[in-house]
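Subject: Handover of a structure and notes on its contents

Dear colleague,

Please find below the structure that I am handing over to you, together with its sequence. My notes on what was found in it follow directly after.

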Amino acid sequence: MDDMDHRILSALHACGADPRVASAARGLSLAGEHGALWLAAGLAGAAVDGARRGAWLRGTALVAGAHLASMGVKRIVRRARPAHVRPRVRTAGRHSFPSSHATSATAAAVAFGSLGVPALAPVATAMCFSRLVVGVHYPTDVAAGAALGVLTARAGARWMRAGVEGVSCVPATGVPYVGRRV
């Protein structure tokens, strides 16, 4: 598995040889640091959607919780960042597993997607791939981070939607059921 991780990372990191790709990946990495992009999106949602402000704030709390959970797992696992590629960004820490960017991005896509904002899913996917293009995570770090983000958002889904009419749950497809209870 390590060999596959190394080969996939090397191939995706090579995409960053194109300055436009590298620049976009660095921008996503910067925006996702400490979940900032996703926390800002949740707070913006709360500010403009007064009817569902509580759900937006609880969703934002889920994203923050997912990010904190990933940081805790990093401290336990302590996997070193990839050394066979040159990183294109600086990192806040030296541990790689799981990707906290992938965790918070996926948690946001699931949580905010349940509020009818499926457009975040492509941005979250791009965020996940950016971590490979900039060379700071193995594919298994990103996959584990994404799984942790989904699990965290799904675990808190009922709490997040408490008191919100018209939003029920997010099926495995990521497309919310709107207007009916499941």
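Two residues are said to be in contact when they have heavy atoms within 4.5 Å. With that in mind, Thr152, leaving aside its neighbours within four places in sequence, is in contact with Leu62, Gly65 and Ala66. Thr152 belongs to helix α7 and counts as buried, because its relative accessibility is 18% and buried means under 20%. Please note that the model is a predicted one.

Overall organisation

The chain contains eight helices and zero strands. Of the 182 residues in the chain, 45% are buried. Among the contacts with a separation of 6 or more, 74% are accounted for by residues 24 or more positions apart.

Helices α3 and α4

How do α3 and α4 run relative to each other, roughly parallel or roughly antiparallel? The axes of helix α3 (residues 36–48) and α4 cross at roughly 170° and come within 8 Å. An angle over 145 degrees counts as roughly antiparallel, and α3 and α4 are therefore roughly antiparallel to each other. On the α3 side, the contact is made by Trp38, Leu39, Ala41, Gly42, Leu43, Gly45, Ala46 and Ala47. On the α4 side, Arg53, Trp56, Leu57, Thr60, Val63 and Ala64 take part. The residues of this contact of α3 with α4 divide into 10 nonpolar, three polar and one charged.

Helices α4 and α5

Helix α4 (residues 53–77) also meets helix α5 (residues 100–113); their axes come within 9 Å and cross at roughly 155°. α4 and α5 are therefore roughly antiparallel to each other, and α4 passes α5 in a right-handed crossing. From α4, the residues Trp56, Gly59, Thr60, Val63, Ala66, His67, Ser70, Met71 and Lys74 meet α5. Their partners in α5 are Ser100, Thr103, Ser104, Ala107, Ala108, Ala111 and Phe112. The residues of the contact of α4 with α5 divide into eight nonpolar, seven polar and one charged.

His67 deserves a separate note. This residue is found in helix α4 and is buried, with a relative accessible area of 8%. Leaving aside its neighbours within four places in sequence, His67 is in contact with His34, Gly35, Ser100, Thr103 and Ser104.

Val150 in helix α7

Which residues does Val150 contact, leaving aside its neighbours within four places in sequence? They are Thr106 and Val110. Val150 has its place in helix α7 (residues 139–155) and counts as partly exposed, at 32% relative accessibility. The C-alpha atoms of Val150 and Thr103 are separated by 7.7 Å, although the two residues are 47 residues apart along the chain.

Cysteines

A disulfide is a covalent bond between the sulfur atoms of two cysteines. How many disulfides does the structure hold? The number is zero. Cys15 is partly exposed, with a relative accessible area of 38%, whereas Cys128 is buried, with a relative accessible area of 11%.

Yours sincerely,
A colleague

Technical notes:
Residues are numbered from 1 along each chain as its sequence is written. This is a predicted model: local features need pLDDT of at least 70, side-chain atom pairs count only at pLDDT 80 or more; totals for chains, interfaces and linings use all residues. Side-chain values use heavy atoms; hydrogens and water are left out. Axes are lines fitted to C-alpha atoms, for helices over the stretch in contact, and angles run from 0 to 180 degrees between N-to-C directions. Helices (H or I, at least four residues) and strands (E, at least two) are DSSP runs, numbered from the N terminus. Angles under 35 degrees count as roughly parallel, over 145 as roughly antiparallel, 65 to 115 as roughly perpendicular and the rest as oblique. A crossing is left-handed if the near helix is turned anticlockwise from the far one by less than a right angle, and right-handed if clockwise. Ala, Val, Leu, Ile, Met, Phe, Trp, Tyr, Cys and Pro count as nonpolar, Asp, Glu, Lys and Arg as charged, and the others, Gly among them, as polar. A disulfide is a pair of cysteine sulfur atoms within 2.5 Å. Buried means under 20% relative accessible area, exposed over 50%, partly exposed in between (1.4 Å probe, protein chains only).
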